[in-house]
Amino acid sequence: MPLVKNGRITTDLFVHVADGAELPGDGAVFIPAARFLEDPEPILKRAGKTGVIWPNNRAVDDLVPYLGRLAAVALVFPTFRDGRAYSQARLLRERHGYDGELRATGQVLRDQFVFMSRAGFDAFEVKKDADADAFAETMKRYSVFYQPTGDGRVTALNRRMQLRHSESAGQ
């Protein structure tokens with residue numbers, strides 16, 4: 001499955017470890033949420049990077065105590081109509097200040113890339129190579145937004161106010 005990160009197709013360094021499977025001593029791994037929460041400390045003390053696959057029907061508050069030690073959080077879109085992972089992403093980025101990799105996984109569709117990015121996702125597991133190729137073009141299509149989010153982009157209103165301020169300061 002192709003991984004798009006920072007606007008490019010890239011090699012996924014994380015290995016998905018199933019429930020009951022042996023945990024490698026090193027290397028980057030994604031662990032299911034239930035397994036992680038059973039006993040997080042030994043998992044977090046491993047030599048490699050740790051990521052958690054977080055279901056969209058579980059509150060992110062359970063994950064908050066560990067955010068500073070997680071390299072990645074994968075939020076699941078079980079169907080394209082289920083947008084709870086958008087809310088989880090915004091909570092992690094804006095309320096809890098998570099700055100690690102935030103990955104969209106599951107039903108990740110190309111027409112949702114911009115919305116996912118605006119919500120705070122910076123990595124996307126896509127089903128088709130064509131979707132991965134289309135990511136960069138999709139992201140270039142929009143340069144100005146009206147709604148503020150935690151992605152750091154200046155909104156149209158803020159941009160207009162900055163221009164007025166700079167014009168009035170120059171007089």
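User: Which way do β5 and β6 run, and how many bridges join them?
Analyst: In this predicted model, β5 and β6 run parallel, joined by four bridges. Val-52 sits opposite Val-73 in β6.

User: What about β4 and β5, how do they pair?
Analyst: In the parallel sense too: strand β4, residues 28-32, pairs with β5 over four bridges. Pro-32 faces Ile-53 of β5 there.

User: Is β5 mostly covered or mostly open?
Analyst: Mostly covered. Strand β5 spans residues 50-54, and four of its five residues are buried.

User: OK, moving to Ala-72. Which strand is it in?
Analyst: Ala-72 belongs to strand β6, which covers residues 72-77.

User: And is Ala-72 buried or exposed?
Analyst: Buried. Its relative accessible area is 0%, and the cut-off for calling a residue buried is under 20%.

User: What is Ala-72 in contact with, leaving aside neighbours within four places in sequence?
Analyst: Phe-14, Phe-30, Thr-50, Gly-51, Val-52, Tyr-98 and Glu-101.

User: How far is Ala-72 from Val-126?
Analyst: Their C-alpha atoms are separated by 17 Å, and the two residues are 54 apart along the chain.

User: New topic: salt bridges. How many is the count?
Analyst: The count comes to nine salt bridges. One of them joins the side chains of Glu-41 and Arg-69, at 2.7 Å from N to O.

User: Which parts does the Glu-41 and Arg-69 pair tie together?
Analyst: Glu-41 lies in helix α2 (residues 40-44) while Arg-69 is in the loop between β5 and β6, so the pair ties together parts that are 28 residues apart in sequence.

User: What does Asp-82 form a salt bridge with?
Analyst: With Arg-84; the closest N and O atoms are 2.7 Å apart. Asp-82 counts as buried at 15% relative accessibility, whereas Arg-84 is partly exposed at 42%.

User: Which residues are linked with Glu-101 and Arg-103 in a network?
Analyst: Lys-5, Asp-12 and Glu-125 are linked with them in a network of salt bridges.

User: Why would side chains like that pair at all?
Analyst: Side chains that carry opposite charge can pair when their charged atoms come close.

Technical notes
Residues numbered from 1 in each chain as written. Predicted model: local features only at pLDDT ≥ 70, side-chain atom pairs only at ≥ 80, totals over all residues. Heavy atoms only, no water. Helix = DSSP H or I, 4+ residues; strand = E, 2+ residues; numbered from the N terminus. Buried < 20%, exposed > 50% of the residue type's maximum accessible area, 1.4 Å probe, protein only. Contact = heavy atoms within 4.5 Å. Pairing = 2+ DSSP bridges. Salt bridge = Lys/Arg side-chain N within 4 Å of Asp/Glu carboxyl O.
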